[in-house]
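Colleague: I'd like a close look at one strand, and at whatever it connects to. Please walk me through it in one go.

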Amino acid sequence: MTIRLQVVDRQGNAHEVTVVPVGSLMEALRELEYGVAAICGGMCSCATCHVYVDERWSERLSPRHGDEVELLAQLEHRAEHSRLACQIRLSSQLDGLRVRLAPEE
Ligand code: FES
């Protein structure tokens, strides 16, 4: 089974990506040419996987946990629907998820 993700890159180009919903959103985005660096490998310490989740999707995701909240609070480009993609677990329920990659800090 696969799901579709809508990903807007840092140049503003929209892409539709088909992925198997296992692991984290960061792992899917890391595979893309225009994707995220994910320097810490998902340890919630680098913020290079920062994305803006489409507001209609934001409330459907599991809430942010302490480490994610703390790291996001330090980012210059933080916005209301900011998330760290390594903290979002992919599932079949996320078919159609829309995210925009945040600028590099
Ligand atoms: S990959 Fe480093 S914080 Fe998400």
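Modeller: Let's take strand β5, residues 97-101, where the side chains alternate between two faces. "Buried" here means under 20% relative accessible area, "exposed" means over 50%, and "partly exposed" is in between, with a 1.4 Å probe and protein chains only. Strands and helices are DSSP runs numbered from the N terminus: E for strands, at least two residues, and H or I for helices, at least four.

Before going on, some housekeeping. This is a predicted model, so local features need pLDDT of at least 70 and side-chain atom pairs count only at pLDDT 80 or more, while totals for chains, interfaces and linings use all residues. Residues are numbered from 1 along each chain as its sequence is written, and side-chain values use heavy atoms, with hydrogens and water left out.

Now the pairing partners; two strands pair if DSSP finds at least two bridges between them. Strand β1 (residues 3-8) runs parallel to β5, and 4 bridges join them. Leucine 5 is the residue opposite leucine 97 of β5. Strand β3 (residues 50-53) pairs with β5 too, but in the antiparallel sense and over 3 bridges. There, valine 51 has leucine 101 of β5 as its bridge partner.

Next, the buried side. A nonpolar core is a set of buried Ala, Val, Leu, Ile, Met, Phe, Trp, Tyr and Cys residues joined through side-chain atoms within 4.5 Å. The largest such core has 31 residues, and Leu5, Leu25, Leu29 and Leu97 touch the most other members. Two or more residues each come from β1, β2 (14-19), α1 (25-30), β3, α3 (66-73) and β5. Helix α1 gives the largest share of this core, 4 residues. In general, nonpolar side chains in soluble globular proteins tend to be buried together.

Counting contact as heavy atoms within 4.5 Å, and leaving aside neighbours within four places in sequence, leucine 5 touches His15, Glu16, Val17, Val19, Leu25, Ala28, Leu90, Leu94 and Leu97.

Now for the arginine side of β5. Side chains of opposite charge can pair when their charged atoms come close. I call it a salt bridge if a side-chain nitrogen of Lys or Arg is within 4 Å of a carboxyl oxygen of Asp or Glu, and the structure holds 5 of them. Arginine 98 makes one with aspartate 54, with the closest N and O atoms 3.5 Å apart. Because arginine 98 lies in β5 and aspartate 54 in the loop between β3 and α2 (55-58), the pair ties together parts that are 44 residues apart in sequence. Arginine 98 counts as partly exposed at 37% relative accessibility, whereas aspartate 54 is buried, at 18%. Aspartate 54 also meets arginine 56 in a salt bridge, 3.2 Å from N to O, and arginine 56 is exposed at 58%.

Over on β1, the strand parallel to β5, arginine 4 forms a salt bridge with glutamate 16, with 3.8 Å between the closest N and O atoms. Arginine 4 lies in β1 and glutamate 16 in β2, so this pair links parts that are 12 residues apart in sequence. Arginine 4 is partly exposed, with a relative accessible area of 34%. A salt-bridge network links Arg4, Glu16 and Asp95.

As for phi, most residues other than glycine have a negative value. Cysteine 44, though not a glycine, has a positive phi of about 60 degrees, and alanine 47 has a positive phi near 65 degrees. Cysteine 44 is in the loop between α1 and β3, and alanine 47 is found in the loop between α1 and β3 as well. Cysteine 44 is buried at 11% relative accessibility, and alanine 47 is buried at 10%.
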